[in-house]
Amino acid sequence: MSAVGTEGTPRRLRAGVVGFGWAGRQHMDAYVQHPDVELVAIAGLEDGPRRELGALYGIDAAGQFRGYQEMIADAGLDVISVATPTALHAPIAVAALDAGVHVLSEKPLAESAEKAASMVAAAHANDRVLDVSFNHRRRGDVKALKRLVDDGLLGDVYYAKAGWLRRSGIPGLGTWFTQRSLAGGGPLMDIGVHMLDMALHLMGEPRAEAVSAATYAEFGPRGRGGSSGAAQGARADGTGAYEVEDLSTAFVRLSGGATLLLEASWASYVERDQLYLVLYGSEGGAVLGSPDVWNEPQLRVLTDVHGIAAELMPLLPKDGLHAEAVDDFVAKVQQADRSGLHGDELLSRSVIVDAAYRSAEQHREVVIEPY
Ligand SMILES: NC(=O)c1ccc[n+]([C@@H]2O[C@H](COP(=O)([O-])OP(=O)(O)OC[C@H]3O[C@@H](n4cnc5c(N)ncnc54)[C@H](O)[C@@H]3O)[C@@H](O)[C@H]2O)c1
């Protein structure tokens, strides 16, 4: 599809979004606000939300689809966002890439390293952009810290700790989130992957060499730990089955001798919900995350000023979140040279998560082959 309109002016990119949940709506909001994009199609299984979202975003019946296959075949898309249960990311992305459509997937890339690799291969084969909307790396504190790390303020970052822990936050006990075949895993796959992305991004994309991990399922199988706080039982039709972990911990060996300690829980006896990331460098350190206010961006940089130990509290740029992830994706699509834009860097997240689950299952460190 040509990117130039009949008048010689750049034509707006035609965008479609699959998925009507919270995530899909973030993408729809971002596309309609982008001057170079026209949101022309949406797809999802629920009839009510399809009509409501169609009306909200001015998409007529011809642009409203139930299945993603029809949308890819009929909507004349340039770009697509995939915001469905995780096990559908790979089939939808590969179908879209094979049809010449650039893909922005929700996190995680896929439920396994193998599926994630098939998406990257399809992006290469069709020379299309494959990106993931890691909205948390667009937080103001992460963006400020990234600049400071890249400018060398922390020296060599050799150790990092990152975690996202919830007291009672299993998303949708008994829904696709807690079924292995659809979600691929529990909090490590869901929220741990955000922390993994932030850590690797800040550390300059070191390669992973080995992982040692453990997982636990103490709350979900007993119908406890749901986001509502209320106890919920497994349903008689089996859809309530709790098949994933509710806490995971992993120690990742990275290239150059650096290491990362990663933890994620949907439910645990933690004193308060928290999201944190700590970097230890040869010339300075950093603590990201608010100790008092849940999820509020905050950053302290530990350094020496004229030989005196000091803490800096940088003023933070605005959070970018999903809107910025979509803007970055659109900018990549608009680039003439697509080298480096086929998702190779993002594959590391799936490779590490995959190895962590294998390590937990086998009770030993798993060596990661070059990827
Ligand atoms: N980046 C973030 O902060 C963030 C937050 C929440 C969820 N997510 C990710 O977004 C994705 C979706 O999560 P959610 O909470 O919005 O899920 P959800 O369950 O609320 O919505 C899933 C949507 O997928 C649609 N769907 C399922 N099968 C389909 C098919 N065959 N064809 C077309 N549509 C289909 C459903 O109809 C539904 O509208 C997941 O991968 C999740 O990990 C990311």
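Author: A backbone N or O atom of Ala-23 is found 3.3 Å from an oxygen atom of the ligand, a polar contact being a pair of N or O atoms within 3.5 Å. For Thr-84, a backbone N or O atom lies 3.2 Å from a ligand oxygen atom, and for Trp-176 a polar side-chain atom lies 2.8 Å from an oxygen atom of the ligand. The ligand taken alone exposes 850 Å², of which the protein buries 83% (Shrake-Rupley method, 1.4 Å probe).

This is a predicted model, in which local features need pLDDT of at least 70 and side-chain atom pairs pLDDT 80 or more, while totals for chains, interfaces and linings use all residues. Residues are numbered from 1 along each chain as its sequence is written, and side-chain values use heavy atoms, without hydrogens and water.

Around the ligand there are 24 residues, of which Phe-20, Glu-46, His-89, Asn-135 and Trp-176 come nearest (near: a heavy atom within 4 Å). By class, this shell holds eleven nonpolar, nine polar and four charged residues, with Asp, Glu, Lys and Arg counted as charged, Ala, Val, Leu, Ile, Met, Phe, Trp, Tyr, Cys and Pro as nonpolar, and the others, Gly among them, as polar.

The ligand lies between two domains, because domain 1 (13-134 + 324-342) and domain 2 (136-320 + 351-367) both give residues to the shell; these bounds come from an automatic or database domain assignment. The centres of domain 1 and domain 2, taken over C-alpha atoms, are 26 Å apart.

Key. Polar contact = N/O pair within 3.5 Å; in protein donor to acceptor, adjacent residues only side chain to side chain.
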